[in-house]
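Here's a quick tour for anyone opening this model for the first time. Have a look at the sequence and the fold, then read on.

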Amino acid sequence: MKPIATLMKPLRSVDLATMIESPATVERSDVCAVPAAAVVAEAMVAFVLADAAIEKFGGDSIAELLENWRAFRDRTAQRFVKP
């Protein structure tokens, strides 16, 4: 996350209606970082989960990774079958 942008010193600008030079307003561009932080956190969780899946199931291709995952799923499912 980057800091919330704040414009404390007005930049030079032009009023488009009159084409006269006028300073930009002093304002914060984003008053709450939570929505942006949620997007960043969601993306990082996706990266971490993908990395864990590759570490656990490995392989040289997606097909091999899926084959390893299916074999793992089948082995672990047998633990829950009643004798």
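Which residues form a nonpolar patch on the surface? They are V40, M44, F47 and V48, and together they have about 400 Å² of accessible area. Before the details, keep in mind that this is a predicted model, where local features need pLDDT of at least 70, side-chain atom pairs count only at pLDDT 80 or more, and totals for chains, interfaces and linings use all residues. Residues are numbered from 1 along each chain as its sequence is written, and side-chain values use heavy atoms, with hydrogens and water left out.

**The overall layout**

- The protein has two helices and four strands; helices (H or I, at least four residues) and strands (E, at least two) are DSSP runs, numbered from the N terminus.
- Starting at the N terminus, the order of the elements is β-β-β-β-α-α.
- Of the protein's 83 residues, 5% count as buried; the cut-offs are under 20% relative accessible area for buried, over 50% for exposed, and partly exposed in between (1.4 Å probe, protein chains only).
- Accessible areas come from the Shrake-Rupley method with a 1.4 Å probe, and for residues, only the protein chains shown count as cover.
- Take the contacts (heavy atoms within 4.5 Å) with a separation of 6 or more: residues 24 or more positions apart account for 20% of them.

- Strands β2 (residues 12-15) and β3 (residues 20-23) run antiparallel and are joined by four bridges. For two strands to pair, DSSP has to find at least two bridges between them.
- Along this pairing, S13 has S22 in β3 as its bridge partner, while D15 stands opposite I20 in β3.
- The two strands make a hairpin, with four residues between them.
- M19 sits in the loop between β2 and β3, and its phi is near 60°, a positive value in a residue other than glycine.
- Why point that out? Most residues other than glycine have a negative phi.
- M19 counts as exposed because its relative accessible area is 60%.

**R12 and the salt bridges**

- The model has two salt bridges, each being a side-chain nitrogen of Lys or Arg within 4 Å of a carboxyl oxygen of Asp or Glu.
- In one of them, the side chains of R12 and E21 meet at 3.1 Å, N to O.
- R12 belongs to strand β2 and is exposed, since its relative accessible area is 72%. E21, at 53% relative accessibility, is exposed too.
- Leaving aside residues up to four places away in sequence, R12 touches E21 and S22.
- R12 and T25 are 13 residues apart in sequence, and their C-alpha atoms are 9.9 Å apart in space.
- D74 forms a salt bridge with R73, and the closest N and O atoms there are 3.8 Å apart.
- D74 is partly exposed, with a relative accessible area of 42%, and R73 is partly exposed as well, with 39%.
- As a bit of background, side chains of opposite charge can pair when their charged atoms come close.

- Helix α1 covers residues 34-57, and at 1.5 Å a residue its 24 residues should span 34 Å. Its end C-alpha atoms are 34 Å apart, so the model agrees with that expectation. The expected span is 1.5 Å times one less than the number of residues.
- Just after α1 comes G58, which takes a positive phi of about 45°.
- F47, one of the patch residues, has its place in helix α1. F47 counts as exposed because its relative accessibility is 60%.
- What makes a patch? Its residues have over 30% relative accessible area and no salt bridge; like charges are joined within 9 Å, and nonpolar side chains (Val, Leu, Ile, Met, Phe, Trp, Tyr) within 5 Å.
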